[in-house]
Amino acid sequence: MSRGQYILRRLVQMIPVVLGITIILFFMIRLIPGDPVTAVLGERATDEAYERLRHNMGLDRPIWVQYLYYMRDLAQLELGDSLRYRVPITTLLWDRLQVSMSLAVYTVALTTLISLPLGIMAALKKNSLLDNIVRSALIVTMVMPSFWIGIILIIAFSIKLGLFPVSGYGNGFIENMQHLFLPSLTIALGLSPILIRALRSSILDALQADYVKTARAKGLPEKTVLTRHVLRNALIPYVTLLGIHTSFLMGGAVIVETVFALPGAGKLLIDGVRSRDYPVVQAATLMFALLVITVNLTTDIIYSFLDPRVRFN
Amino acid sequence: MSVELSSAGRLAFAREVRQRHWSHRVVRNRNLIIGAAMVGTIALVALFAPILSAHDPIAHDYTRTLQSPSLSHPFGTDNFGRDVFTRVIYGGRIDLRVGIISVIPPFVIGIVLGSLAGYYGGRIDSLIMRGVDLVQAFPFIVLIIAIVAVLGPGLNNMYIAVAIVAWVVYARLIRGQILVEKQKEYVQAARAIGSSDIRILGRHLLPNCIIASIVFSMADIALYIGLAASLSYLGLGAKPPSPEWGAMITDGQNFMVTAWWMSAIPGLAIVVTGIAFSLIGDGLSDVLRPESR
């Protein structure tokens, strides 16, 4: 199978998953106790208004017809209206998605800045004081709840030192970057331990490999052995792992956006849950799921380019 | 030609045999011992909370609000005058319980479905694995939040949400191992003497495959304690007067500058408990799978 066919097959495999996601979300919203029409109109609506909205929402039709309507609306990017804000959810989501995406990219950058040097140093100086300090610190940051890390960072860097804004997103690129620093750092501190551990062990594995022995035996300088042979191979699982943990990153964003009052998609989800704005919850959850499967697919494709040994079957 | 072992050789051999026995590795494993001791201590402190503290974890006392740590209140008091030490040790009852209860349903569901998928393969396997793919398409916490949103806030609904979401990890782990293990000779032998599928799975395959899941479940306990805390923070978990650690951090958030102990101490409790379970997990993985060291 060629790479093109492989990518095509992965795309086709996505179809049942996407369908499954829509089915789950469609039925989940129908499991909510209470009536969606009453949720929109309130308790005091007239019978006539009730029936009209019920018909407009398609609730008087068979459930599978309702699902088809839902799918048709999705295909047209019609996610319905927010019960709370009374505006189309698509507009609500679009602005907030940009904030969340910036947060995600910033976090990946910070995570790489933290985990790459620490992972490499911990592996090359195995069992040294540095290695032990890094590994102990990792256990601590790994079990710290992200919202608690966020609160501590706000106290230290925003309130005591005044280096970063406490909350919000700011205006313009530079302010945005300042506002996003602490939230990104919060997620990065939770994500880095996993990556440092993995990088350390894959470098240690690579150092034992025959091709490294060969490279040393033919008299290559140690620096070349490390950069050309060890790191190049050890970084492949690192990239994959970074992709796999997108899910973790998105989850982190939901909580961290709430801690830092960032107007992102995660905060929209939480606000939706708090105000029982179910169409918003449904749409935001769908969007997070679609993001995760898109990133997973992209990771698989990047992986097939990075590692020539990948077989497409 | 016979091989005569020297006395030093015999001693070394005897030592090796001894070291191979798991009980010997348990005693020598520092992580496991320290982790178990920490969890034991936390559990005992939580259990004997009424003896260890004379204060009430819930009742307000407006004569002693926001007092800094002192001899009578080692971890200070909160904005309602409640002793933070008392609340933290009572909170241990909630958080330990949440961590342990949360892990059981996904563990059991995952083991059962993962075994069936791995053992029978074919349609059963594809059906179960498509379910796994579906659940994994959602970010873990997003799906938990969405389910709790539908079911309503509270720790009981969190257990249900975790059961629906977290089984996939165990199912994947156990399936992968059963796929490898079922090719081995002892399984073929069991099949040859006419053992039933249930017997082969229960008596032969599972005991050999379940170890990784048990190790994983320890780290998961730490994860769920953190999750319960996060849900409380988001207003979807334990409700206010409850001394659940996450709820305590949330209560203290507005007093971080003037009364840091209100949030810092329950946060430390989460970290210490999390480290304890992680150490047990690491230790167990060394003891049960010595080849992976």
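Before I start, a word on terms: the axis of a helix here is a line fitted to its C-alpha atoms over the stretch in contact, and the angle between two axes runs from 0 to 180 degrees between their N-to-C directions. Please also keep in mind that what you see above is a predicted model.

Let me begin with chain B as a whole, which holds 13 helices and 0 strands, so that, read from the N terminus on, its elements run α-α-α-α-α-α-α-α-α-α-α-α-α. Because its radius of gyration is 24 Å, well over the 19 Å that the globule rule gives for 293 residues, chain B is more spread out than a compact globule. Its C-alpha atoms fill a box of roughly 85 × 60 × 30 Å along the principal axes, and 45% of its 293 residues count as buried. If we take the contacts in chain B with a separation of 6 or more, 69% of them are between residues 24 or more positions apart.

Now to a place where the two chains meet. Helix α11 of chain A, residues 246-259, packs against helix α7 of chain B, residues 140-151, at an angle of about 50°, and their axes lie 6 Å apart.

Which residues in α11(A) and α7(B) meet? From α11(A) they are Ser247(A), Met250(A), Gly251(A), Val254(A) and Ile255(A), and from α7(B) they are Phe140(B), Ile141(B), Val142(B) and Ile145(B). Sorted by class, this contact has 7 nonpolar and 2 polar residues, with no charged residues.

Technical notes:
Residues numbered from 1 in each chain as written. Chains lettered and ligands numbered in written order. Predicted model: local features only at pLDDT ≥ 70, side-chain atom pairs only at ≥ 80, totals over all residues. Helix = DSSP H or I, 4+ residues; strand = E, 2+ residues; numbered from the N terminus. Contact = placed C-beta atoms within 7 Å. Nonpolar A, V, L, I, M, F, W, Y, C, P; charged D, E, K, R; others polar. Rg over C-alpha atoms; globule rule 2.2 N^0.38 Å. Buried ≥ 20, exposed ≤ 12 C-beta atoms within 10 Å, placed from the backbone.
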